[in-house]
Amino acid sequence: LIQKTLPSYPPIAKAAGVQGTVILQATISKVGTVENLRAVSGPPMLQQSALDAVRTWRYQPYELNGQPLEIETTVNVVFILGR
């Protein structure tokens, strides 16, 4: 991971005391962008904020024998009140 944007805590979730981990599935492209991003589990009130943040992340492309690869990965975004 070479560029990470922290998710914003949705005010409605904060007011409701909702916290937890949003689990996302994504493809890291050959150029390091996040593609095919989807929420797998986690509090519904937090999922969109996690998706919006992770969509902007950039990775160093994975390589095999010097060739960039597209890979599937899981991303956990943790929301904790008071942070």
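Mentor: One term to begin with: a residue is called buried under 20% relative accessible area, exposed over 50%, and partly exposed in between, with a 1.4 Å probe and only protein chains counted. This is a predicted model, in which local features need pLDDT of at least 70 and side-chain atom pairs count only at pLDDT 80 or more, while totals for chains, interfaces and linings use all residues. Residues are numbered from 1 along each chain as its sequence is written, and side-chain values use heavy atoms, with hydrogens and water left out.

Trainee: Is Val34 buried or exposed?

Mentor: Val34, which lies in strand E2, counts as buried because its relative accessibility is 12%. Leaving aside residues up to four places away in sequence, Val34 touches Ala26, Thr27, Val54, Arg55, Trp57, Arg58 and Tyr59, where a contact means heavy atoms within 4.5 Å.

Trainee: And how far is Val34 from Leu64?

Mentor: Their C-alpha atoms are separated by 19 Å, and the two residues are 30 residues apart along the chain.

Trainee: What about the chain as a whole, what does its C-alpha trace span?

Mentor: Along its principal axes the C-alpha trace spans about 50 × 20 × 15 Å. Of the 83 residues in the chain, 30% are buried. The chain exposes about 5200 Å², of which carbon and sulfur atoms supply 53%; such areas come from the Shrake-Rupley method with a 1.4 Å probe, and for residues only the protein chains shown count as cover. Among contacts with a separation of 6 or more, 67% are between residues 24 or more positions apart.

Trainee: Which strands form the open sheet, and in what order?

Mentor: Three strands form it in the order E2-E1-E5, with antiparallel pairing. E2 and E5 stand at the edges with a single partner strand each, so one side of each is left without a neighbour in the sheet. From one strand to the next, the twist averages 25°, using axes fitted as lines to C-alpha atoms (for helices over the stretch in contact) and angles from 0 to 180 degrees between N-to-C directions.

Trainee: How many bridges join E1 to E5?

Mentor: Nine bridges join E1, residues 20-28, to E5, residues 71-79, and the two run antiparallel; strands are said to pair if DSSP finds at least two bridges between them. Along this pairing, Thr27 stands opposite Glu72 and Ile28 stands opposite Ile71.

Trainee: What does Val31 touch?

Mentor: Val31, found in the loop between E1 and E2, touches Tyr59 and Pro61 when residues up to four places away in sequence are not counted. Val31 counts as exposed because its relative accessibility is 65%.

Trainee: Which residues other than glycine have a positive phi?

Mentor: Asn36 is one of them, with a phi of about 50°; Asn36 has its place in strand E2 and counts as exposed at 52% relative accessibility. Asn65 is another, with phi near 55°; Asn65 lies in the loop between strand E3 (62-64) and E4, and at 75% relative accessibility Asn65 is exposed as well.

Trainee: One last topic: which residues form the nonpolar patch on the surface?

Mentor: Tyr62, Leu64 and Leu69 form it, with about 270 Å² of accessible area together. Leu69 lies in strand E4, residues 67-69, and is partly exposed, with a relative accessible area of 33%. Patches are made of residues with over 30% relative accessible area and no salt bridge, joining like charges within 9 Å and nonpolar side chains (Val, Leu, Ile, Met, Phe, Trp, Tyr) within 5 Å. A salt bridge here is a side-chain nitrogen of Lys or Arg within 4 Å of a carboxyl oxygen of Asp or Glu.

Note on methods: Helices (H or I, at least four residues) and strands (E, at least two) are DSSP runs, numbered from the N terminus.
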